[in-house]
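Work through the following exercises with the structure open beside you, and try each task before reading its solution.

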Amino acid sequence: MPTDVGHEIADALGTLLKRSTREQIYRRLTEGLGEAVDEVTYPVLSGLARTGPRSAAGLADEIGLDRSGVTRRATRLEEAGLLRREPDPADRRATLLALTEAGRAAIETTRQRLAAHIEDSLASWPPGEAQTFARRLHRFVNHGPFTG
């Protein structure tokens, strides 16, 4: 039987994972990075930064979009010079999506913004509490109910 703690965590995760919450965060992170980088294309850039070069189908599985959605977003990013298509060395018929230097720079900017936003929101916490939260969140993500 679930405990109150389980429900409390599930509710918090539900809020974090809501599409509207993610879009709001992505809009804030991508503001001013150019027309091609927005809440719609951010998951593609971010996914490629985490995984390295991937096929559109492989990236779609990673970020929870369908292949055609990834392909459309990749085209916008490619036209803006943020990603490139390259031959898959394991299958010459296939194409991989890969970040360009400009794409990596855009992702670095978004990561810095996210870290600063998180740190600002935790500034009022008692000393050490934010660090403890970070360690425990890391533990939950790596060893909690969603692993394996």
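**Exercise 1.** Identify which residues of helix 1 meet which residues of helix 2, and describe how the two helices are oriented.

*Solution.* In this predicted model, begin with the contact itself: helix 1 contributes Thr15, Leu16 and Leu17, and these meet Arg19, Thr21 and Arg22 of helix 2. Sorting the residues of this contact by class gives 2 nonpolar, 2 polar and 2 charged. Next, turn to the geometry, remembering that two packed helices are described by the angle between their axes and the distance between the axes. Helix 1 covers residues 4–17 and helix 2 covers residues 19–30, and their axes come within 5 Å and cross at roughly 55 degrees. Since an angle counts as roughly parallel under 35 degrees and as roughly perpendicular from 65 to 115, helix 1 and helix 2 are therefore oblique to each other.

**Exercise 2.** Determine how helix 3 packs against helix 6, and which residues make the contact.

*Solution.* Take the angle and the distance together: helix 3 and helix 6 pack at about 100 degrees, and their axes are 10 Å apart. The angle makes helix 3 roughly perpendicular to helix 6. On the helix 3 side, the contact is made by Tyr42, Leu45, Ser46, Ala49 and Arg50, while helix 6 brings Gly103, Ile107, Thr110 and Arg111. A breakdown by class finds 4 nonpolar, 3 polar and 2 charged residues in this contact.

**Exercise 3.** Describe the largest pocket by its volume, its lining and the helices that supply the lining.

*Solution.* Start with the space, which amounts to about 2,200 Å³ in the largest pocket. Its lining consists of 43 residues, and those nearest the centre are Leu16, Leu17, Arg22, Ile25 and Leu114. Leu16, Leu17 and Arg22 also belong to the contact of helix 1 with helix 2. Then ask where the lining comes from: at least two residues each are supplied by helix 1, helix 2, helix 3 (42–51), helix 4 (56–63), helix 6 (101–122) and helix 7 (129–143). Helix 7 gives the largest share, 10 residues. Finally, by class, the lining divides into 24 nonpolar, 8 polar and 11 charged residues.

Note on methods:
Residues are numbered from 1 along each chain as its sequence is written. This is a predicted model: local features need pLDDT of at least 70, side-chain atom pairs count only at pLDDT 80 or more; totals for chains, interfaces and linings use all residues. Side-chain values use heavy atoms; hydrogens and water are left out. Axes are lines fitted to C-alpha atoms, for helices over the stretch in contact, and angles run from 0 to 180 degrees between N-to-C directions. Helices (H or I, at least four residues) and strands (E, at least two) are DSSP runs, numbered from the N terminus. Angles under 35 degrees count as roughly parallel, over 145 as roughly antiparallel, 65 to 115 as roughly perpendicular and the rest as oblique. Contact means heavy atoms within 4.5 Å. Ala, Val, Leu, Ile, Met, Phe, Trp, Tyr, Cys and Pro count as nonpolar, Asp, Glu, Lys and Arg as charged, and the others, Gly among them, as polar. On a 1 Å grid over the protein atoms alone, a cavity is a set of points where a 1.4 Å probe fits but cannot get out, and a pocket is an open set with protein on both sides within 12 Å along at least five of seven lines; lining residues have an atom within 4 Å of a point. Grid points are joined across faces, edges and corners, and a volume is the space filled by probe spheres set on the points.
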